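Subject: The structure I promised you

Hi there,

Here is the structure we talked about, ready for you to open. Please have a look at it first, and then read my notes below.

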Amino acid sequence: LVEKSLDIIIVVDKDFKITYVSPSYQKVVNRDPSEILGKSSIDFVTELVHPDDVKAIMGAFGGLIENPSDEMRCEFRFRSPDGGWLNFEAHGKNHLDNPSIQGLIATLRDITERKKAETTLQANAERFRTLIEKATNAMIIMNADGKIMYGSESTERITGYKIEEWIGTSIMDLMIHPDDLGKIAPLLADVLKTPDAFAEGVIARFKHKDGAWHTLEANARNLLNDPSVNGIVINYRDITERKMAEEALQANEDRF
């Protein structure tokens, strides 16, 4: 199993000399195991491990000496023959007292692709977060009980309230015009009880923190069954000026 594994196994004796390197070293890092076999593991680390990671990995191995019953785990970057860096996850155990081993065993696993995927995922998450936070429209997410769990940065610009003032409160406790509550409540109830339900173009008046009534237009979708969201997503925008223009136009039409 050791011979066929893609994990690299390295054994270091009490003098920190490398006494064993598994064949997978050649397959994974494209280097001949003989280049490190019999050499000092300290030289191996300082020559091939990224300078910013040397202190961490040396400390991890030192911890194995001081506390033989502990297990070591750390991540580090390893120089490939082309000059690039591979990402590794290392697990270590102290077997110096084991007569058949007499060394520290380090198991190295190549996690380069996983780290690339994590970096890409993080970049995407940051990009989408920025798009949401800086969007003209605002967003809130509420749970199955109607309590607000999240609000985007645009909340304060549109409503005058900091999102911290809303987190944990019921959406029905917001300052919605009494004449509009009657249509909002059943719409939300329908969205809440039906997975993936979508309510579009919901218009209601909302009392801004400055005391003025603003007209908001919202779309709501039930994503309670989506584990990445687990909530009701409501996107909304202020259409007060548009409504005032429509009312003025209607008044002019009525007059003429």
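Below is what I found, taken one region at a time. Please keep in mind that this is a predicted model.

**The sheet built from E1 to E5**

Five strands make an open sheet here, in the order E2-E1-E5-E4-E3, and their pairing is antiparallel. Strand E2 (18–21) and E3 are at the edges with a single partner strand each, so one side of each has no neighbour in the sheet. From one strand to the next, the twist averages 25°. In E5, leucine 108 is the bridge partner of alanine 90.

Two helices pack on this sheet. Helix H2 (residues 41–48) touches strand E1 (8–12), E2, E3 and E4, and its direction makes about 50° with that of E3. Helix H3 (residues 51–66) touches E3, E4 and E5, with its direction at about 155° to that of E3.

**Aromatic rings**

The count of aromatic pairs comes to seven. One of them is phenylalanine 76 with phenylalanine 88, a stacked pair with 5.8 Å centre to centre and 15° between the planes. This pair links distant parts of the chain, since phenylalanine 76 is in strand E3 (residues 71–79) and phenylalanine 88 is in strand E4 (residues 85–95), 12 residues apart.

Tyrosine 161 is buried, with a relative accessible area of 17%, and tryptophan 166 counts as buried at 5% relative accessibility.

There is also a cluster, in which ring pairs link Tyr25, Phe44, Phe76, Phe78 and Phe88.

**The sheet built from E6 to E10**

Further along, an open sheet of five strands has the order E7-E6-E10-E9-E8, again with antiparallel pairing. Strand E7 (148–151) and E8 are the edge strands, each pairing on one side only. The twist from one strand to the next averages 25°. Strand E6 (residues 138–142) and strand E10 (residues 231–238) run antiparallel and are joined by five bridges. Methionine 142 stands opposite isoleucine 232 in E10.

H6 lies across E6, E8, strand E9 (213–223) and E10, running at about 150° to E8. Helix H7 (residues 240–255) lies across E8, E9 and E10, at about 120° to E9.

**Alanine 197**

Where is alanine 197? This residue is in the loop between helix H6 (178–193) and strand E8 (198–207). Alanine 197 is buried, with a relative accessible area of 15%. Leaving aside neighbours within four places in sequence, alanine 197 is in contact with Asp190, Val191, Ala220, Arg221 and Asn222. The C-alpha atoms of alanine 197 and isoleucine 232 are separated by 9.5 Å, and these residues are 35 apart along the chain.

Enjoy exploring, and write back whenever you like!

Best wishes

Conventions:
Residues are numbered from 1 along each chain as its sequence is written. This is a predicted model: local features need pLDDT of at least 70, side-chain atom pairs count only at pLDDT 80 or more; totals for chains, interfaces and linings use all residues. Side-chain values use heavy atoms; hydrogens and water are left out. Rings of Phe, Tyr and Trp (its six-membered ring) pair if their centres lie within 6.5 Å; planes under 30 degrees apart count as stacked, over 60 as edge-to-face and the rest as tilted. Helices (H or I, at least four residues) and strands (E, at least two) are DSSP runs, numbered from the N terminus. Buried means under 20% relative accessible area, exposed over 50%, partly exposed in between (1.4 Å probe, protein chains only). Two strands pair if DSSP finds at least two bridges between them. Axes are lines fitted to C-alpha atoms, for helices over the stretch in contact, and angles run from 0 to 180 degrees between N-to-C directions. Contact means heavy atoms within 4.5 Å.
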